[in-house]
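Please consider the model shown below.

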Amino acid sequence: MKVLVIEDEQDLADIIKQGLEENSFTVEVCNDGEEGLFMAENYPYDAILLDIMLPTMDGFTVLHRLRAKKVKVPVLVLTARGGMGDKVRGLDTGADDYLVKPFEFPELIARLKSIIRRNKGEASPLIAIDTLTIDINSRTVTRDDKEIPLSAREYRILVYLALNKGRVLSRDQIAEYIYDPDHDLDSNVIDVYISYLRNKIDKGRKNKLIHTIRGEGYTLKEIT
Ligand code: CA
């Protein structure tokens, strides 16, 4: 499998290249956005690892132009910026998945393989954690391949937790994210929604994904 790495930090690019090669990938590296776009448009790759902050052209623009030209290669965005705005913008632009730096190499390999596999079907922005899958396009959530109906608010909370996988989010942060001008959301209300989500996502399953961090808030992650 052939991967294009568009990353301007040479040290990081070298580490990624070496790590991918050890996992039997063929790797080409570009250090700036314009060259990366040219390579992605003109050569076949199984996947692209795309940094956002790049010289000559930022990663969002690269992605936008690729998708505008109907280049459907799966793209995994590597970003140092963990902000929600960036993530949503990237998913809207057509990224297949995200990884926030610094990342663990096994996770990079797993996500990369996952977007390549998924692309053999139809590329669609999916978030997959353990057996939980969130399809951003269709707004459907499945666990163990079974669709789970969620209310709009439960869905938003779940997406917020999933996009911040492994990070602890306080009740206030969650309340702020699902802010609704028509209803005053007490942060205690968050506990109620989390319990609804747990019932739907985790109940009766061995691998729980939603975890309470006492005194801090909630996190969504797989315990391995
Ligand atoms: Ca960079």
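Is serine 114 buried or exposed? The model is a predicted one, and in it serine 114 has a relative accessibility of 17%. Because buried means under 20% relative accessible area, serine 114 counts as buried. This residue lies in helix α5, which comprises residues 105-120.

Helix α2 (residues 33-42) packs with helix α3 (residues 59-68) at an angle of about 25 degrees, and the two axes are 10 Å apart. Since angles under 35 degrees count as roughly parallel, α2 is roughly parallel to α3. The crossing in which α2 passes α3 is right-handed. On the side of α2, the contact is made by Gly33, Leu37, Ala40 and Glu41; on the side of α3, by Val62, Arg65 and Leu66. Of the residues in this contact, four are nonpolar, one is polar and two are charged.

The calcium site remains. Its protein donors are Asp8 (OD), Asp51 (OD) and Met53 (O), which lie 2.1 to 2.3 Å from the calcium ion. Along the chain, the donors follow the spacing D-x42-D-x1-M. Aspartate 51 is buried, with a relative accessible area of 3%, whereas methionine 53 counts as exposed, at 55% relative accessibility. The calcium ion thus has both aspartate 51 and methionine 53 among its protein donors, the former buried and the latter exposed.

Terms used: Residues are numbered from 1 along each chain as its sequence is written. This is a predicted model: local features need pLDDT of at least 70, side-chain atom pairs count only at pLDDT 80 or more; totals for chains, interfaces and linings use all residues. Side-chain values use heavy atoms; hydrogens and water are left out. Axes are lines fitted to C-alpha atoms, for helices over the stretch in contact, and angles run from 0 to 180 degrees between N-to-C directions. Helices (H or I, at least four residues) and strands (E, at least two) are DSSP runs, numbered from the N terminus. Angles under 35 degrees count as roughly parallel, over 145 as roughly antiparallel, 65 to 115 as roughly perpendicular and the rest as oblique. A crossing is left-handed if the near helix is turned anticlockwise from the far one by less than a right angle, and right-handed if clockwise. Contact means heavy atoms within 4.5 Å. Ala, Val, Leu, Ile, Met, Phe, Trp, Tyr, Cys and Pro count as nonpolar, Asp, Glu, Lys and Arg as charged, and the others, Gly among them, as polar. Donors are N, O and S atoms within 2.8 Å of the metal (3.2 Å for Na, K and Ca); water is not among the atoms, so sites may look incomplete. Buried means under 20% relative accessible area, exposed over 50%, partly exposed in between (1.4 Å probe, protein chains only).
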